[in-house]
Amino acid sequence: MKAKITLAKEFKIADIDRRIYGSFIEHLGRAVYGGIYEPNHPTADENGFRTDVIELVKELNVPVVRYPGGNFVSGYNWEDGVGPVEKRPKRLDLAWGTTEPNTFGTNEFMKWCKKVNAECMMAVNLGTRGADEARNLVEYMNHKGNSAWADLRKSHGYSEPWGVKLWCLGNEMDGAWQMCAKTAVDYGRLANEASKMMKWTDGSIETVLCGSSSRNSPTFGEWEAQSLEIAYDSIDYVSLHQYYENRAGDTPSFLAKTLELEEFIYSVICVCDYIKAKKRSKKTVNLSFDEWNVWYHSDNAPYERWSYSPPRLEDIYNFEDALLTGSMLITLLRHCDRIKIACLAQLVNVIAPIFTKNGGGVFKQTIFYPFEHLSNYGRGAALNPIINCPKYDCKQFCDVPYLESIATLDEENGEMAVFIVNKSQDDFADIEIKLLDLKGYERDEFISMDGFSKDEVNGFELSPVAPHKNVLPPKEDGKISLHVKPFSWNVLRLKKK
Ligand code: AHR
């Protein structure tokens, strides 16, 4: 196929908030125990953190990590996870049917965040608990001292406040699977009161209202409208969650899911702005896409009920999953004027780009790479490319562009990047990239992932699915000719000379 991508500075969407490259660690399966924390592991540091995992998280360059759930948070007593470890209770976790030992808690997580250079996005329990416990946690984490909860933190050995800026007001409170699920009105009232009290405790924090648990939720739309109507003035972001699957083995439809994702994003923006209009408000509520990924490979995997950190949700990702996750993150960036935070769910072992063996090694899943490229090279401002390319029809969608693309421009460092997915399973794409008012930007590096079957996976022994560098594409005045393989992930990096 022949295609054209036109780029100009003027096509700027917005400056990218780096928190769009966030991720998520939940007390679930082996995300914490055996994932980021394994005191007896040969690579464990003085805190029991696996340093082999820390190294890979650093490669992903994740600026923010959501914690401690997820569904888990709706039954969590944060007080169980602080103070002397030997005094911490073991609790049944009703969300995932396991036993939580609480040997890893909030302060341990904050220490781990420092090691990986990430900020914490803390979720409070608005399921079994409420505004009081939430504001107490803000005091414990962020108040300097001379108050009961801040002094308790000090007595636990942390004299300085952690200064957590970003707070989720519960998790997926519309879902029947959630402990103490709520109606939109009940949730809106609770979130509003909790957010008010949390902000009275620390005026510098930002809060995220739970949107629907996915676009497929029966109350989607109405949930956002009703809860926002109540809580609009006291919150800063509304959350979106979405996972995709390819159970039917229909790759063209699977890769086209970004069209649906785009609709989802538009709809939530519209609801936010509808409430803004209704309230004649000057404030704009932005989006926190704090759970997104592919999730289905591990469905129905058996586990032992009430055991400690059994393997759960351990999807092994294949190559087509890498193409979809790359396309999803591109789609989020196309809306970075409104999406300020996003979290790839999750980070280690549980539907994750990093996979470990207890007591053993670690490998990078296929989805690791597109995320790593975007997070490291997709900096500065996002530019909306004009893409001229053929389209296809499939079972679930019509008019799906074969190419998915976004460009980023980091003027401060004189760097640009163009990210392209070719969704065609058979066709090469000869792409002419035209740079309109971007004088002096020269080709620097051309990286691809291609030549793999859609089912190819990585593992501990062999990890064939990895990127490689290409010969630099030919260049003429103001344009670059890129020869892109079928079914591929591509990154063209440019530098200002
Ligand atoms: O990320 C796994 C689970 O998916 C989370 O706990 C929940 O919020 C969502 O349903």
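Predicted model: local features only at pLDDT ≥ 70, side-chain atom pairs only at ≥ 80, totals over all residues.

Q: OK, is Leu 92 buried or exposed, and why?
A: Leu 92 counts as exposed, because its relative accessibility is 53%.

Q: What surface patch does Leu 92 belong to?
A: A nonpolar one of about 310 Å², which Leu 92 makes together with Leu 94 and Trp 306.

Q: Switching to the ligand: which residues are around it?
A: There's a list of them, including Phe 24, Glu 26, Trp 96, Asn 171, Tyr 243, Trp 295, Gln 346 and Ile 351.

Q: Which polar side-chain atoms lie by an oxygen atom of the ligand, and how far off?
A: Glu 26 has one at 2.6 Å from a ligand oxygen, and Asn 171 has one at 3.0 Å. In Gln 346, a side-chain N or O atom is 3.0 Å from an oxygen of the ligand.

Q: How much of the ligand does the protein bury?
A: The protein buries 95% of the 280 Å² that the ligand exposes when taken alone.

Q: New topic: in what order do the seven strands of the open sheet run?
A: The order is β2-β15-β19-β20-β26-β22-β23, with antiparallel pairing.

Q: Which strands stand at the edges?
A: Those are β2 (12-15) and β23 (468-469). Each has a single partner strand, so one side of each has no neighbour in the sheet.

Q: And how many bridges join β20 and β26?
A: Eight, between residues 415-422 of β20 and 488-496 of β26.

Q: What stands opposite Glu 415?
A: That's Lys 495, in β26.

Note on methods. Residues numbered from 1 in each chain as written. Heavy atoms only, no water. Patch = residues over 30% accessible without salt bridge, like charges linked within 9 Å, V, L, I, M, F, W, Y side chains within 5 Å. Areas by Shrake-Rupley, 256 points an atom, 1.4 Å probe, with all protein chains shown as cover. Salt bridge = Lys/Arg side-chain N within 4 Å of Asp/Glu carboxyl O. Buried < 20%, exposed > 50% of the residue type's maximum accessible area, 1.4 Å probe, protein only. Near = heavy atom within 4 Å. Polar contact = N/O pair within 3.5 Å; in protein donor to acceptor, adjacent residues only side chain to side chain. Pairing = 2+ DSSP bridges. Helix = DSSP H or I, 4+ residues; strand = E, 2+ residues; numbered from the N terminus.
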